[in-house]
Amino acid sequence: MPREGDESVPSVSSAPTRIEAGLTSDPADSLFELLCDGGGEMGNRIRRYDWSKTSLGPIERWSQAFKTALRLCMASRLPAGIYWGPEHIFLYNDAHCANLGHKHPHALGQPAAIVWPEVFGTIEPLMQKCLLEGRTGGADELPLLLSRPGFMQEVYFSFSYEPLINEHGRIEAVYAIIVDASKRVIAERRLRTLQTLGASDRHPKCPAEALTAAARIIERNAYDVPFAVLYLWSSGWDEASLYAVSNIEAGTPISPATIRTADESQIAELARLAGNGALEVRDCATAVELPGGAGWGSPPLRLAVLPIPSGATGAPGGFCIVGLNPHAPYDSKYLDFLQMLAGHLGDSLAAAHVYQREEARAKALVALEEAQTTFFGNVSHELRTPLTLMLGPLEEILDGGRGSLSDEQLASLCMIRRNGMQLLKLVNEVLHFARDQSERLHAMFEPVNLGSLTAQVASSFDWIARRAGIKFTVECEELGQPVYVDRDVWSRIVLNLLSNAFKYTAAGEISVRLRKHDGVQLVVSDSGFGIPQRELERIFERFHRVTGAGVGNREGSGIGLALVKEFAEQLGGSVGVCSKLGAGSTFTVSIPFGFTRASAAGARVTEMVQTLPIADAIALKKQDPGRRRRVVLVDDNADMREYAGRIMSEHFELETVADGATALQEVRRRPPDLVITDVMMPGMDGLELLQELRREPATRAVPVILLSARAAEDARIQGLQHGADDYLVKPVSSRELLARASSAMDLAELRAQAAQQDERVRIARDLHDTLLQSVQGMSFLIEAGLQKLSPEAQAARGYFQDAMQAATTAVAEGRAVLSLLRAPQSERCDLRAGLLRLGRELLGTKPTRFSVDVIGRQRELKPRAWAEAYAICREALSNAARHADARSSVLKLSYRDDLEIVVSDDGSGISPRLIARGRRGHFGLNGMRERAAGLGAKLSLESQRGVGTTITLTIPGEVAYAQPEC
């Protein structure tokens with residue numbers, strides 16, 4: 001064996017044996033200089049090596065090109081080596097020693113197959129290309145498994161192979177530069193996993209969702225984490241439940257559904273270690289089976305348990321058992337990666353707990369808001385019902401008894417009415433605010449002539465100004481363009497500001513000005529009491545009421561100006577005030593031109609302050625003296641029943657009921673012309689009564705009016721969505737109640753007449769289609785008979801021709817009548833709606849599944865195209881439903897350049913003979929083809945026995961569409 005000093009250099013394989021005698025001095029001084037000048041340790045070893053025992057031969061016989069390449073290799077700071085000859089005899093420099101690991105220094109002078117047996121099959125083809133073909137080869141970050149003491153380690157090499165050509169022009173060796181990129185590749189891979197975990201959804205809804213999402217991310221890095229099982233402690237730290245797995249099946253010995261720390265298994269031991277809060281590593285007690293293709297495909301030999309912290313305390317909320325990479329050393333970098341992995345899992349788990357707490361808090365707030373809304377709804381009912389009973393009769397007295405009342409009595413009644421209206425206004429404002437707290441609605445913006453709208457709203461205060469002796473002026477400058485606002489919101493701004501001005505102005509003047517100024521400005525000024533300076537900062541706070549010298553303690557809810565501020569912000573603007581005590585106040589509302597969306601602080605209040613309607617007398621429709629329309633009134637308030645009964649019994653046959661259950665029985669026994677029901681009643685309320693009436697065929701068409709104190713928009717929408725014909729808010733005047741009741745019954749009668757007319761049209765259409773098909777079938781038979789007549793039968797031919805002419809005329813006239821019957825239907829609905837209704841009519845109770853799909857944007861069709869397409873689809877669907885016994889039928893409408901209609905079914909199919917000739921004596925397929933030809937459309941039919949039929953109709957766009965595509 002060769003020696004270097006006292007160091008033994010054993011052979012790695014059966015390569016030629018090196019003996020001490022072989023380590024002789026280099027006979028060539030030039031070569032000695034070549035190897036020692038910057039060659040380092042490996043230069044010394046190459047110089048002392050007995051190369052005569054190898055196929056490379058003595059140094060004296062080495063080519064000059066090889067010596068030059070060897071000198072460059074020895075001097076290189078990058079790992080480099082040379083593979084010489086067919087055996088690829090290996091020489092390398094000092095920088096390459098680290099890549100060889102424990103193979104150094106025994107690899108020197110050995111063939112590549114002995115130096116790199118584990119990867120020779122990968123690198124040998126690349127070296128052969130260089131040696132035999134002179135082609136450069138190599139790879140970037142090639143993953144390899146290299147032999148290391150005790151295990152096979154994953155490495156990532158980037159290398160380049162260059163052919164080495166001697167002075168005779170022959171390729172004698174391969175020059176290799178090798179860079180180990182393992183540390184960088186592995187570090188980037190681990191960092192990518194941690195970054196993905198950190199950047200994933202930080203708002204998981206529950207721990208299970210958090211851990212499942214984390215497991216899906218960990219699953220992508222099966223090299224560093226061959227498998228992972230994630231557990232959460234169930235109660236205390238005695239038992240843990242499985243929540244997620246990565247690259248392993250749940251329920252295996254390493255991933256049981258439940259782990260009890262009292263057990264004796266290795267998994268239980270790991271769970272106990274996790275309870276201590278420290279990361280621990282153990283050898284696998286049993287083999288772990290993993291799905292193929294994940295990572296290196298090698299089962300892990302060691303396990304690590306990672307405690308998962310939860311919450312701010314850092315106490316373990318669970319733990320994660322992971323397999324360690326069997327081809328990587330368990331060093332400090334691997335440990336850091338696992339600890340950061342556990343930290344990210346803890347963050348996800350903490351985020352899930354935070355979300356659950358916030359969700360519980362949000363649910364509690366929603367429940368509180370619902371309770372608040374319910375409370376205000378009940379208060380509304382209790383306040384508005386008495387107001388109806390007071391203000392309704394009072395309105396009748398004032399309207400009908402002015403001539404019989406003294407001035408004192410009339411003044412007293414007017415005072416009662418004013419105070420009742422003030423009470424109603426306060427109730428409405430409180431309810432507005434309650435609804436504003438529980439729901440924010442979007443304003444309906446539209447271009448508005450703001451000057452005209454402002455003047456119109458302000459004019460309602462003229463009579464108040466005249467009675468109070470206040471000078472009232474309105475100046476609205478021409479803005480020159482419409483302003484995008486919500487009419488109701490702007491009206492509420494003007495109303496609230498003017499109400500506030502008149503409330504605090506005993507004498508003097510009030511002015512309203514609308515002008516251009518960086519948008520639009522509304523300025524409302526008064527010469528009233530003014531506002532103390534200390535109150536100006538709080539003037540727009542909710543429920544804050546101004547007090548001060550001369551102001552007194554006037555009635556009001558203290559929310560009018562708060563609403564003005566929120567309304568102005570909703571329109572994208574602002575409101576300001578300047579005031580001096582004793583000299584009056586000026587409020588300025590500024591909004592921009594253009595379309596401005598509502599801000600987050602704004603909320604729409606659509607219900608205006610309700611006033612009792614003072615309208616002209618409503619002339620009720622004269623009824624048949626032989627029959628009075630019957631109305632059932634349902635209300636749990638006896639006074640309300642008595643009041644409504646008194647005003648309605650003069651016009652209708654009225655029956656009053658005190659509860660919903662009794663009313664339901666009465667309506668079932670004898671359906672009335674109208675049901676008027678209160679919404680809020682004990683037992684069965686008005687909405688439940690409405691649902692029961694709409695559920696039963698006998699009472700489904702009975703019109704129902706809901707009467708309620710709940711004025712919120714959502715309450716009205718809810719009532720109408722349940723099928724109510726109308727929704728009245730208390731207090732309601734007698735005239736309005738009578739008018740709404742009469743209108744509801746009139747509309748119900750019109751709907752019943754329309755339904756009867758539709759049924760008559762449907763019957764006429766079906767009969768007409770059947771007769772038309774029969775006549776068309778006769779024309780086909782006559783045409784066939786004409787073809788079979790001999791030339792001599794002229795008389796018979798004349799009869800046949802006359803019959804053919806009569807049949808053709810009958811078909812033409814029938815189609816004209818059919819177009820008249822279907823024209824209204826074409827105008828009322830699009831083609832899809834008509835075909836859906838047709839499908840329901842044809843299928844009836846059959847179990848056939850039917851659907852109509854639309855591709856593209858639906859377009860309006862010309863009447864003739866609509867009618868002919870409808871008729872062709874009717875024939876196709878009729879065949880599928882009645883003759884083909886189809887289980888499903890699908891119709892597709894494609895609105896492209898041309899209108900394409902495809903009707904397909906999975907029925908019994910049509911024979912080729914019938915497709916070619918049609919059915920004898922029946923309109924059928926030939927009629928469909930004739931309709932298509934009349935439109936200039938294309939009709940194709942594909943069918944297969946036992947598989948189904950597909951009919952495709954293509955109508956040119958200029959024939960089908962009423963208007964060209966923009």
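Me: Helices (H or I, at least four residues) and strands (E, at least two) are DSSP runs, numbered from the N terminus. With that in hand, what makes strand 6 worth a look in the lining of the largest cavity?

Reply: Strand 6 covers residues 151-165 and gives three residues, the largest share of that lining. Keep in mind that this is a predicted model, where local features need pLDDT of at least 70, side-chain atom pairs count only at pLDDT 80 or more, and totals for chains, interfaces and linings use all residues. Residues are numbered from 1 along each chain as its sequence is written, and side-chain values use heavy atoms, leaving out hydrogens and water.

Me: Why is that space called a cavity?

Reply: On a 1 Å grid over the protein atoms alone, a cavity is a set of points where a 1.4 Å probe fits but cannot get out; a pocket is an open set with protein on both sides within 12 Å along at least five of seven lines. Volume here is the space filled by probe spheres set on the points, which are joined across faces, edges and corners.

Me: What lines the largest cavity, and how many of those residues are charged?

Reply: Lining residues have an atom within 4 Å of a point. Among them are Tyr83, His96, Trp116 and Phe157. Ala, Val, Leu, Ile, Met, Phe, Trp, Tyr, Cys and Pro count as nonpolar, Asp, Glu, Lys and Arg as charged, and the others, Gly among them, as polar. That gives nine nonpolar, one polar and no charged residues.

Me: What does the lining of the second largest pocket look like by class?

Reply: There you get 10 nonpolar, three polar and eight charged residues. The pocket holds about 540 Å³ of space. Of its 21 lining residues, Ser182, Lys183, Ile186, Asp331 and Lys333 lie nearest its centre. Helix 7 gives the most, seven residues.
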